[in-house]
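Please keep the structure open while reading them.

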Amino acid sequence: MQLSPSALAMEAARVSAIKGHNVTLCDRNIVLGGGQLSIASVPPHKSCMNYVADYYSAILCKMDNIDLQLGREVTVKEVVDRNPDVVVIATGSEPLIPDASGIEKGIVVTANDVLAEKANTGEKVVIVGGWHDRLRDSQ
């Protein structure tokens, strides 16, 4: 059983299915790769990241021993009740937000929130951390 599939988890599902395992792949998003992969494809020259999600969507949907369950969250009770041999939890990462003076004013947003259009920026933007990734995203 795999929860919130990242590209790595989708590859683990593919390989597990090839080796004969029955795999249940669950994601709260309604499409595979709807989390980090969709955000990663937003910056200029990064639309090729969509191919990763497209590839896994095409491959995993054709595999008889993979049960795709999209658009729903899975509870701990549900996992315990199913009693799977293995659970892969691919929850992604959380951005590091520094403990800095003024951060509580509500003007600090993450790059992921901007790329996912959950937050807007003004004309003047300060980018902290992320090195070259954030400079690329700032375009």
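1. How far apart are Asp81 and Lys77 in helix α4, counted in residues and in helical turns? They are 4 residues apart in that helix, which puts about one helical turn between them. Their side chains meet in a salt bridge, with 2.6 Å from N to O. Asp81 is exposed, at 52% relative accessible area, and Lys77 is exposed as well, at 58%.

2. Before going further, note that this is a predicted model. The protein has 6 helices and 4 strands. Read from the N terminus, the order of elements is β-α-β-α-α-β-α-β-α-α. The chain has 139 residues, of which 24% count as buried.

3. A search through the whole structure gives 4 salt bridges. Because Arg14 and Glu11 are 3 residues apart in α1, about one helical turn separates them. Buried residues have under 20% relative accessible area. Arg14, at 19%, therefore counts as buried, whereas Glu11, at 23%, counts as partly exposed.

4. The salt bridge between Glu73 and Arg28 has its closest N and O atoms 3.9 Å apart. Glu73 sits in the loop between β3 and α4, and Arg28 in the loop between β2 and α2, so this pair ties together parts that are 45 residues apart in sequence. Glu73 has a relative accessible area of 57% and is exposed. Arg28 also counts as exposed, at 54%.

5. Helix α1 covers residues 7-18. Its 12 residues should span 16 Å at 1.5 Å a residue, and the C-alpha atoms at its ends are 17 Å apart, which agrees. The buried residues in α1 are Ala9, Met10, Ala13, Arg14 and Ala17. These residues cover an arc of only 145 degrees around the axis, which places them on the same side of α1. Leu8 and Ile18, on the other side of α1, are exposed. Just after this helix, Gly20 has a positive phi of about 100 degrees.

6. Which residues of strand β2 point one way, and which the other? Val23, Leu25 and Asp27 point one way, Thr24 and Cys26 point the other way, and all are buried. With 5 of the 5 residues of β2 (residues 23-27) buried, the strand is largely enclosed by the rest of the structure. Strand β2 runs parallel to strand β3 (residues 66-70), and 5 bridges join the two. One of the pairings is that of Val23, whose bridge partner in β3 is Ile66.

7. Ala53, Tyr56 and Leu60 are the buried residues in α3. Since they cover an arc of only 70 degrees around the axis, they lie on the same side of α3. Tyr51 and Lys62, which are exposed, are on the face turned away from the buried side.

8. On the surface, Ile97, Ile107 and Val108 form a nonpolar patch, and together they have about 300 Å² of accessible area. Ile107 is placed in the loop between β4 (88-89) and α5 (111-115). Is Ile107 buried or exposed? Ile107 is exposed, with a relative accessible area of 69%.

9. Thr121 lies in the loop between α5 and α6 (131-137). With 43% relative accessible area, Thr121 is partly exposed.

Technical notes
Residues are numbered from 1 along each chain as its sequence is written. This is a predicted model: local features need pLDDT of at least 70, side-chain atom pairs count only at pLDDT 80 or more; totals for chains, interfaces and linings use all residues. Side-chain values use heavy atoms; hydrogens and water are left out. Buried means under 20% relative accessible area, exposed over 50%, partly exposed in between (1.4 Å probe, protein chains only). Two strands pair if DSSP finds at least two bridges between them. The expected span of a helix is 1.5 Å times one less than its number of residues. The arc is that of the directions from the helix axis to the C-beta atoms. Patches are made of residues with over 30% relative accessible area and no salt bridge: like charges are joined within 9 Å, nonpolar side chains (Val, Leu, Ile, Met, Phe, Trp, Tyr) within 5 Å. Accessible areas come from the Shrake-Rupley method with a 1.4 Å probe; for residues, only the protein chains shown count as cover.
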